[in-house]
2 protein chains.
Amino acid sequence: MTNPTKRRPGRPGRPKKPVLRADLLSVARGAFAELGYSGASMNEIAGRAGIRKPSLFHHFVTKEALYIEAVGAALAPLGGLVAEAAMGTDGFWERLDLLGELVVDYLGGHPDTARLLVREVLDRGPFLNDGGQGVVRSILDGVGAFLEQGMDEGVFARGDSRHLTLSIIGVHLFYFSADPLSGAQISHSVFHPEEVESRKRAVVAHVRALVGTPGV
Amino acid sequence: MTNPTKRRPGRPGRPKKPVLRADLLSVARGAFAELGYSGASMNEIAGRAGIRKPSLFHHFVTKEALYIEAVGAALAPLGGLVAEAAMGTDGFWERLDLLGELVVDYLGGHPDTARLLVREVLDRGPFLNDGGQGVVRSILDGVGAFLEQGMDEGVFARGDSRHLTLSIIGVHLFYFSADPLSGAQISHSVFHPEEVESRKRAVVAHVRALVGTPGV
DNA sequence: GTCTATACATCGATAGAC
DNA sequence: GTCTATCGATGTATAGAC
């Protein structure tokens, strides 16, 4: 065991360049989005980041802690967008369009987010109920409250805001989470800036049409 | 080892009542929908079915084979619905409404299906490209072709059928795959017959609104 | 057709050298 | 802060008794 003459290859030592915590979170986000929580192992994530598994455990005490921190950072901005739109001073339709554009920009600019969010919903993960007072549920409730607000103002027909909210969220999330299925017929990825602009125009029109639906 | 006098508890033997293959597939479907492919172990599935792991391997040579057979049976009927609607002789709007109602009825009547299908898309599983000539892709293409047909007939404004198709599918799938998030504000599950009827009315109205969207 | 027992890989997580 | 080495549990899959 304690044989100082026999040196094994790849002996430990001082790291040339310690990896940044933010880089680890980014890599983890990609792995969780691609493989899911169960499918993404700590060994896989560490390998993608260029370090070994125990080094990853040095930065995050458990796999769950890594997941919560990685996904939480990706989801938080979405709640902010909804809250901003609901508190705006413009007319309802202007705020509705703006919210749609901001969400598409965000999901289109951060390719892991929609996939992560949908996985979280399917898995009934920690962000549905507890983690940070339920980020996912707050996003959902925020959209619902925003739509109720428009109904209260008499801007559009009163309908079932719950069905409307879930349909709108479905329109937003499925498209970006289903890549490359969504982009099967186009030349470049759905996350290409040009395609994000195209989707943005479509979503704004679609959401306007949905919200204009007579109550059912 | 070979001690005939010492009998262990729970020794093997003839099964009282052999489990049916269809029951195993049903149980596996539920487990894959709930836990995902990686999260659902053969041990877990066997346990839910009331047998042991090696007995499950006797019916299905690998975990992947079990998954493919279980999910394939759940997805196939959806493709049939789309194909039927596209070939109908009624007017376009009638066929559009009927397709929406049939799909909601199917997804609402088979609680695992939407969740399985969305997981398959997120995982880029075997049904996206190969398994049975790409069931998922054929469903997507079928809806797109149906919409193009309506445009060709001049029934509604020509728009981007790709965006339209993906938005409509998002409306259908997210709602049922996000249970119980979708049913957070209602008293009973989204799969309760009464709630399925409610969703059906909403979806028909939403899809009509989406399809009536001016081209973008 | 079901079982016990087991092979072998990988899982999350830890110990301790450097 | 990174590493090698290892732990115990669990993963897929198999052998062979009944």
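This report covers the fold, the interface and selected side-chain contacts of a predicted two-chain model.

## Basis

The model is predicted: local features need pLDDT of at least 70, side-chain atom pairs count only at pLDDT 80 or more, and totals for chains, interfaces and linings use all residues. Residues are numbered from 1 along each chain as its sequence is written, chains are lettered from A and ligands numbered from 1 in the order in which they are written, and side-chain values use heavy atoms, with hydrogens and water left out.

## Fold of chain A

Chain A has 10 helices and 0 strands. Here helices (H or I, at least four residues) and strands (E, at least two) are DSSP runs, numbered from the N terminus. The order of elements from the N terminus is α-α-α-α-α-α-α-α-α-α.

Chain A has 216 residues, and 49% of them are buried. Buried means under 20% relative accessible area, exposed over 50%, and partly exposed in between (1.4 Å probe, protein chains only). Contacts are heavy atoms within 4.5 Å. Among the contacts in chain A with a separation of 6 or more, 62% join residues 24 or more positions apart. The accessible surface of chain A is about 10500 Å². Carbon and sulfur atoms hold 55% of that surface. Accessible areas come from the Shrake-Rupley method with a 1.4 Å probe; for residues, only the protein chains shown count as cover.

## Interface

Chain B brings 48 residues to the contact, and chain A brings 48 residues. Together the chains bury about 4200 Å², with 64% of it on carbon and sulfur atoms. Buried area is the accessible area (1.4 Å probe) that two parts lose on being put together, summed over both. Leu122(B), Arg162(B) and Leu181(B) provide 18% of the area that chain B buries against chain A, more than any other three residues.

Between chain B and chain A there are 4 salt bridges. A salt bridge is a side-chain nitrogen of Lys or Arg within 4 Å of a carboxyl oxygen of Asp or Glu. Arg162(B) pairs in this way with Glu195(A), with the closest N and O atoms 3.4 Å apart.

On chain B, helix 1 (21-39), helix 6 (113-123), helix 8 (131-152), helix 9 (161-177) and helix 10 (193-211) each give at least two residues to the side that touches chain A. Helix 9 of chain B gives the largest share of that side, 12 residues.

## Salt bridges within chains

The structure holds 22 salt bridges over all chains. In chain A, Glu197(A) and Lys200(A) form one at 2.9 Å, N to O. They sit 3 residues apart in helix 10 (residues 193-211) of chain A, so about one helical turn separates them. Glu197(A) is partly exposed at 37% relative accessible area, whereas Lys200(A) is buried at 13%. Chain A also has a network of salt bridges that links Glu34(A), Glu44(A) and Arg48(A).

In chain B, Glu69(B) forms a salt bridge with Arg21(B), with the closest N and O atoms 2.7 Å apart. Glu69(B) lies in helix 4 (residues 63-87) and Arg21(B) in helix 1 of chain B, so the pair ties together parts that are 48 residues apart in sequence. Glu69(B) is partly exposed, at 31% relative accessible area. Arg21(B) is partly exposed too, at 38%. Another salt bridge joins Arg158(B) to Asp152(B), with the closest N and O atoms 2.9 Å apart. Asp152(B) is exposed, at 60% relative accessibility.

## A buried histidine

His172(B) is in helix 9 of chain B. Its relative accessibility is 9%, so His172(B) counts as buried. Leaving out residues up to four places away in sequence, His172(B) touches Gly100(B), Val103(B), Val104(B), Leu107(B), Val203(B) and Val207(B).
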